[in-house]
Amino acid sequence: MRKRTMRVLISTGHLGTAPSSPDSFRRGMETDPDYVVADAGSSDPGPVYLGEDMQLGLFAREELELFLTASRQRGIPLIIGSAGDSGSNRAVDLFVGMIKEIAGQHRIPRFKVGHFYSEVAKSFLKQRLARGAQLAGLGGFPALDEEEIDRATRIVAVAGIHPFVKLLDMGADVIIGGRCGDINFTAAPCIRAGFPEALAYHMGKMIECASLVAEPFMGKETVIGTISHDDIKITPYHPDQRCTIASVAGHSMYERENPYYEHTLGGTLDMRACRYEQYDERTCRITGAQWFPSAQLRVKIEGARKVGERYMGFVGVRDPHIVQHIDAAIEWCRGSVARRFAHERYELYFHVFGKNGVMGELEPVKEIRGHELGIVVEGLADTAELAEKLTDYAVRMFFLARIPGVKGTAGTAATTKKTMRSSPGYVWNVNHTVPIDDPLELFPVHLVEAGV
Amino acid sequence: MGKARLSELATTIRSKNAGVNQITFDVIFPDRETYRRVVRSQVLTRASVARYFGIPPERISDFVEFDVANAIKFTLYRLRPGGSPGDWDILGCQQYGPLLEIEVD
């Protein structure tokens with residue numbers, strides 16, 4: 001029988017960064033939702049996680065333990081997207097391994113774990129180029145060429161609903177997804193159950209950050225999205241939160257270029273005609289989204305290129321004369337490094353907190369209003385040894401900066417610890433779309449068993 | 001009605017990444033009247049925002065008066081993608097500060 005409504009529970013906007021609040025999660029679970037979902041990744045924390053294939057979220061295991069034990073106890077399917085922040089193949093395997101381990105520890109009865117990968121072989125992209133395909137840039141990136149493909153350390157494709165639907169069809173009770181769009185792990189079960197695509201994708205959009213859709217501002221609290229054939233409703237489960245027209249309409253424009261369109265593999269969600277109503281004290285009802293399937297399937301790809309190894313040093317300045325002449329001090333450091341390392345390839349940045357350390361070139365306040373400055377010196381080079389040497393040298397030169405009129409002659413900057421190693425530097429160099437023939441083409445699916 | 005600062009009129013003023021190469025700003029007002037007042041005042045337009053951040057208008061990729069949310073939203077291109085060496089606001093979430101001080105008639 002066709003279901004009249006379906007309810008999807010979510011308790012975190014980014015699985016693993018900090019644990020979900022247990023109370024609202026438990027309260028939500030007690031209402032027996034149809035699915036529990038979570039997003040475990042994002043491109044927001046920068047390219048280093050994909051490039052180095054490393055983990056940002058240190059609470060992933062705790063979260064998976066909470067979600068898996070609670071959902072298995074009630075026989076509710078669990079769907080996780082973008083495993084391990086980047087959605088790399090290693091991260092998918094890591095999460096599947098955690099699921100198996102937790103299932104064993106808790107002696108959870110046998111169940112099926114579906115997973116899919118999303119890393120893209122460079123040879124695939126080059127073949128597409130050779131066939132004359134345009135690898136169009138997003139967000140102002142120029143079209144992708146073979147040289148830039150080769151410079152990427154790792155590339156993932158961003159999945160649509162398709163591998164999730166496929167794995168549910170195969171009988172998965174738990175799904176660990178590679179990189180995917182954050183609306184798709186919610187939309188997939190709804191569309192599979194026959195609910196309208198427009199409403200399903202829109203519900204995915206509205207609940208992907210869990211309680212950030214509600215007010216007042218609270219993170220990591222549970223919300224449940226309810227889809228019917230006519231509308232979606234969003235309800236928070238923290239007793240002090242409400243989904244209001246203002247909070248929900250406000251969230252509909254969160255972290256996207258414009259509030260009207262959301263593109264994903266397979267089509268575009270058009271929210272221009274959406275209507276928001278207060279359904280009850282805590283619940284907002286939304287209608288009116290439209291879904292336009294794309295004429296050509298284009299999948300988004302993301303890739304990171306390594307710039308070099310990186311060190312950081314810290315200095316402080318209190319002398320008001322140096323504070324006012326900080327640009328001259330930085331020029332002195334830059335010049336010294338340029339002379340000393342004239343034949344090396346490197347990058348050097350000075351982040352001046354108290355001047356424009358946060359906003360850089362966008363900072364409209366030009367004069368320095370504070371009585372002291374903190375400066376982070378960031379240096380990159382091909383080897384860690386050189387990166388350390390030149391960053392440390394830049395810090396020393398700050399200490400020895402030659403600024404006319406300085407009264408203090410014992411040192412022009414306060415320094416502290418040893419120059420510290422940071423993560424390697426990466427840049428996003430792939431932020432493009434590529435045409436594909438089949439929406440599952442880049443996302444091979446697998447099913448394994450876990451539990452006892 | 002005297003002058004007011006945007007921080008006194010808006011309920012939410014925020015910035016955040018929108019994809020890897022853009023930062024988007026949302027200024028949300030409590031009601032239609034306040035929203036219309038700010039729209040009418042023209043303190044937030046494509047041109048004024050570009051001037052405010054000291055960037056050419058081409059760097060503003062989107063500018064929307066979003067009636068349903070009583071909100072003004074605009075998006076600009078970063079100089080380099082988020083998280084690149086030299087970037088100190090990977091999430092783009094601390095770029096809205098100067099907007100609080102804008103004066104509205």
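Chain B and chain A meet in a contact built from 39 residues of chain B and 40 residues of chain A, where two residues touch if their C-beta atoms, placed from the backbone, lie within 7 Å. On the chain B side, strand S2 (12-17), strand S3 (22-28), helix H3 (46-53), strand S4 (60-66) and strand S5 (71-77) each put in at least two residues. Helices (H or I, at least four residues) and strands (E, at least two) are DSSP runs, numbered from the N terminus. By class, this side of chain B splits into 18 nonpolar, 15 polar and 6 charged residues; Ala, Val, Leu, Ile, Met, Phe, Trp, Tyr, Cys and Pro count as nonpolar, Asp, Glu, Lys and Arg as charged, and the others, Gly among them, as polar.

All of this comes from a predicted model, in which local features need pLDDT of at least 70 and side-chain atom pairs count only at pLDDT 80 or more, while totals for chains, interfaces and linings use all residues. Residues are numbered from 1 along each chain as its sequence is written, with chains lettered from A and ligands numbered from 1 in the order in which they are written.

Chain B itself has 3 helices and 6 strands, running β-α-β-β-α-α-β-β-β along the sequence. Four of its strands make an open antiparallel sheet in the order S2-S3-S5-S4, where a pair of strands needs at least two DSSP bridges. S2 and S4 of chain B sit at the edges, each pairing on one side only. S2(B) and S3(B) are joined, antiparallel, by 6 bridges, and Ser15(B) has Phe25(B) in S3(B) as its bridge partner. Overall, the C-alpha atoms of chain B fill a box of roughly 45 × 25 × 20 Å along the principal axes, and 39% of its 105 residues count as buried, meaning that 20 or more other C-beta atoms, placed from the backbone, lie within 10 Å of a residue's own.

Over in chain A, the automatic or database domain assignment gives domain 1 (6-118 + 158-297 + 436-450) and domain 2 (306-428). Their C-alpha centres are 42 Å apart, and the contact between them takes 4 residues from domain 1 and 6 residues from domain 2. The domain 1 side has 2 nonpolar, 1 polar and 1 charged residues.

Chain A also holds helix H8 (residues 184-192), which has 8 of its 9 residues buried and so is largely enclosed by the rest of the structure. Among those buried residues are Phe185(A), Pro189(A) and Ile191(A). After H8(A) comes Gly194(A), with a positive phi near 100 degrees.

Conventions. Buried ≥ 20, exposed ≤ 12 C-beta atoms within 10 Å, placed from the backbone.
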